[in-house]
Amino acid sequence: QTPPFVPGETCTGERVVVVGATGYIGKAVVKEAVRRGYATTAVVRDATRGATEPKFAGARVVEADVTDLPSLGAPGAPFAPGAVDVVVSCLASRSGTKKDSWAIDYQATLNCVEAARVAGARHFVLLSAYCVRSAELRHPYALQFQYAKKALEEKLVASEGLTHSIVRPTAFFKSVSGQLEIVDSGAPFVYFDLGDGKCATCNPISEPDLAAALIDCVADPAQLNRVWNLGGPDAGLSMVEQGKLIAQILGKEKPKLLGVPIGLFDVIVNALQWAATTFSSEKLEDAAELARIGRYYALEDMLTTAPSERYGKTTLREHYERIAREGQEYDPYTTVFARSKLRQQEEVAK
């Protein structure tokens, strides 16, 4: 008799391949899969660099090009016939621009779906995004990466002989941490004012909690062949509440908050789109799409409310408290002036 599923603990003993392993979430997924006891393969672009990654300890690190479908199933490759039981895909475009999104969020991920199917894998766990719902509903402000992820989800669902779990997180902690260093320096916390005292609200999830949820999908029958919208344990905090929380944790006497009218984004988006169309410029088209991405997240709530759609133990307050002590690594897509406290200390020592 199969033992009951236990979140955060159950291991089926199968062979798990993680693609997109070098990303922010991918590293955490590899670490969690190894912790559970799975025979884990981390697929990376550069095996030399991957071999030195601490979060890959205990995993097999294999170099592969996910944009090259034929190579994925070659002898010794991660998707060689009979070599994999479950795939966890954390692939995602870095920029979210049209070309990048359709190359990675769609085509490269589809390559992995097809390679997994041919290799005889049983199950495919896909890290998607909560905001894909906008593409499903064909909202006028839906984004290219959302349409790319939606198209990939549809291909995965239709793939014969391969079951699936699609996980759509609201937001990562890292994506709502970018202003901590700025506030610490005395500058205001900037948010977009939607009018009538409103601003966007979200309940993001920590990287270890999201990794645990993704690995749960390997064994959890409740997540078989379904979409799982997923947020963290918080009820949800508005941008203003996040700004106040950061100020409190940093010991500021009074929070400095700067509300920027959301209409500013419309001016920026329209100007960039006009220039892109007028001059037939791919670079300007990308800039317009990046501006649309910024506007989207300023407008939309990334919030789950059902108990089954909240997961984990780490709250946003706990995350802010930790990075206030330890710092965070610089990331041009999510943080502004972030450096780890350890690195700052090393620089001072020099």
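Helices H10 and H11 are roughly antiparallel to each other, a label that applies to angles over 145 degrees, with those under 35 called roughly parallel, 65 to 115 roughly perpendicular and the rest oblique. This is a predicted model, in which local features need pLDDT of at least 70 and side-chain atom pairs count only at pLDDT 80 or more, while totals for chains, interfaces and linings use all residues. Residues are numbered from 1 along each chain as its sequence is written, and side-chain values use heavy atoms, with hydrogens and water left out.

**Packing of H10 and H11**

- Helix H10 (residues 263–279) packs with helix H11 (residues 282–299) at an angle of about 160°, and their axes are 8 Å apart; angles run from 0 to 180 degrees between N-to-C directions, and the axes are lines fitted to C-alpha atoms over the stretch in contact.
- The crossing of H10 and H11 is left-handed, that is, the near helix is turned anticlockwise from the far one by less than a right angle, whereas clockwise would be right-handed.
- Residues of H10 including Phe 265, Leu 272 and Phe 279 meet residues of H11 including Leu 284, Ala 291 and Ala 298, where contact means heavy atoms within 4.5 Å.
- The residues of this contact of H10 with H11 divide into 12 nonpolar, two polar and four charged; Ala, Val, Leu, Ile, Met, Phe, Trp, Tyr, Cys and Pro count as nonpolar, Asp, Glu, Lys and Arg as charged, and the others, Gly among them, as polar.

**Packing of H1 and H8**

- Helix H1 (residues 24–36) and helix H8 (residues 207–219) have axes 8 Å apart and an angle of about 60°, which makes H1 oblique to H8.
- H1 and H8 pass each other in a right-handed crossing.
- Tyr 24, Ile 25 and Arg 36 are among the H1 residues that meet H8, where Leu 210, Leu 214 and Asp 216 are among the partners, and the contact divides into 10 nonpolar, no polar and four charged residues.

- In helix H9 (residues 239–249), Val 240, Gln 242, Gly 243, Leu 245, Ile 246 and Ala 247 are buried, meaning under 20% relative accessible area, with exposed over 50% and partly exposed in between (1.4 Å probe, protein chains only).
- The cover over these buried residues includes strand S7 (189–193), strand S11 (257–261) and helix H12 (316–326).
- Gly 251, which follows H9, has a positive phi near 80°.

**Cysteines**

- The structure holds zero disulfides, a disulfide being a pair of cysteine sulfur atoms within 2.5 Å.
- Cys 199 is buried at 13% relative accessibility, and its sulfur lies 10 Å from the closest cysteine sulfur, in Cys 202, too far for a bond.
- Cys 217 is buried at 3% relative accessibility, and its sulfur lies 11 Å from the closest cysteine sulfur, in Cys 90, too far for a bond.

Note on methods
Helices (H or I, at least four residues) and strands (E, at least two) are DSSP runs, numbered from the N terminus.
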